[in-house]
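Visitor: I have a structure to study and would like to talk it through. Could we begin with a charged residue and go on from there?

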Amino acid sequence: MEDEERLCMSSCCSDWMSEMPAGFWDIPLWNLAIPGSHDTMTYCLDERSSVLRSSPRVLRVLDTWFPCIVRPCIIKWATTQGDSISNQLDLGIRFLDLRIAHKIKDPDKVFYFAHGIYSLLTVKEVLTEVARWLDQHTKEVVIIAFSAFDGMNLDRHKDLIRFLIDTFDSKICPNHIIPSLQQCWNHNYQVILSYDDSAASEYDELWPQCEYWWANTSDPKHVIAYLEEKKTEGRPGQFFAAGLNLTEDAKYVLSHPCQSLQSMTLSSYSLLLNWVKQQCPGPGKSCVNIICADFVGAFRNEFTQMVIGLNQALLKEA
């Protein structure tokens, strides 16, 4: 019982990995329950920026003519997090979902995050902040998934990858080992970089795409049904994420003018967390690994504490 109580019991779980009992140290990280944030960087979307080049044409046209209407609406429905990246890490989040974009007229080596529109903060600013955080929490391991890549070409991918390697350097866990806490601590590895593009194939520092289970629905009951269906198909062999995030469509937005993604999500949180309570990490076919949510700091960090607490089941099995 004492070991179980040592798992994250407070709203701040900034060092939960380093505080894990010894029984967890040799378990591959893809067999642990790890809390993640969906669309990590949407807390800093830039209302002054244009919509993405990859957006539907009708949205781009509307943004040209009515930006004062379109952009606030996008922010209301594209903002999935309320906490800064350092705060998310302090809360215990160990999977970061980063959607990368390059603006048309910017220098090649300047990258942003994006979800409908671009972020205020650059990739350089944010990942430098993450590296500083890791310097202060030397036994924590963070999985960072890079995807989407709006406006990118091969040369820009190479520039971004070089920046990632230079920034995290010896903290990077190479893709040829089976990462456990003990393995990472032995080599001072703190970062696992997943890169969802073929440009990553020649780099030992980059892991392949982390599969993300996304239900693409605004109904939490349908999200749960989808995740249960995916579990029956069997989990991937390495890292994968189950997404609790709700997704609106144009019909939903127009029929709920007074709502936002935040209000929609928080009204469903208890139902989604009830599903989390029933999950179990491990290597089994129906086991979970990373679980991602929106507004991860809501309700005194209940989501993160609950996901970390799932690992208690592994102690009971030992």
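Guide: Lys231 counts as buried, because its relative accessibility is 11% and buried means under 20% relative accessible area, with exposed being over 50% and partly exposed in between (1.4 Å probe, protein chains only). The model is a predicted one, in which local features need pLDDT of at least 70, side-chain atom pairs count only at pLDDT 80 or more, and totals for chains, interfaces and linings use all residues. Residues are numbered from 1 along each chain as its sequence is written, and side-chain values use heavy atoms, with hydrogens and water left out.

Visitor: With which residue does Lys231 form a salt bridge?

Guide: Its partner is Glu228, and the closest N and O atoms are 3.2 Å apart. A salt bridge here is a side-chain nitrogen of Lys or Arg within 4 Å of a carboxyl oxygen of Asp or Glu.

Visitor: Where do Lys231 and Glu228 lie?

Guide: Both are in helix 8 (residues 220–233), and because they are 3 residues apart, about one helical turn separates them. Helices (H or I, at least four residues) and strands (E, at least two) are DSSP runs, numbered from the N terminus. Glu228 is partly exposed, with a relative accessible area of 32%.

Visitor: How many salt bridges does the structure hold?

Guide: It holds 9. One of them joins the side chains of Arg94 and Glu140, at 3.0 Å from N to O. This pair links distant parts of the chain, 46 residues apart: Arg94 is in the loop between helix 4 (85–91) and strand 2 (95–101), and Glu140 is in the loop between helix 5 and strand 5 (142–150).

Visitor: Are Arg94 and Glu140 buried or exposed?

Guide: Both are buried. Asp63 and Arg71 are buried as well, and their side chains meet in a salt bridge of 2.7 Å, N to O. There is also a network of salt bridges that links Asp39, Asp97 and Arg99.

Visitor: Turning to the strands, which residue of strand 5 stands opposite Arg99?

Guide: That residue is Ser147. Strand 2 and strand 5 run parallel and are joined by 6 bridges; two strands pair if DSSP finds at least two bridges between them. Strand 5 also pairs in the parallel sense with strand 6 (residues 191–195), over 5 bridges, and Ile144 has Leu193 in strand 6 as its bridge partner.

Visitor: Why is strand 5 largely enclosed by the rest of the structure?

Guide: It is described in this way because 8 of its 9 residues are buried.

Visitor: Which residues have the most contacts inside the largest nonpolar core?

Guide: They are Ile144, Phe146, Phe168, Tyr195 and Phe303, in a core of 66 residues. Helix 5 (residues 123–136) supplies the largest share of this core, 7 residues. A nonpolar core is a set of buried Ala, Val, Leu, Ile, Met, Phe, Trp, Tyr and Cys residues joined through side-chain atoms within 4.5 Å.

Visitor: What is Phe168 in contact with, leaving aside its neighbours within four places in sequence?

Guide: Its contacts (heavy atoms within 4.5 Å) include Leu127, Val130, Leu134, Ile144 and Leu193. A second, separate core of 30 residues includes Met20, Cys184, Phe239 and Ile290.

Visitor: One last topic: how many bridges join strand 3 to strand 4?

Guide: There are 3 bridges between strand 3 (residues 112–115) and strand 4 (residues 117–122), which run antiparallel. Ala114 has Tyr118 as its bridge partner in strand 4. The hairpin of these strands has 1 residue between them, and Gly116 takes a positive phi near 85° there.
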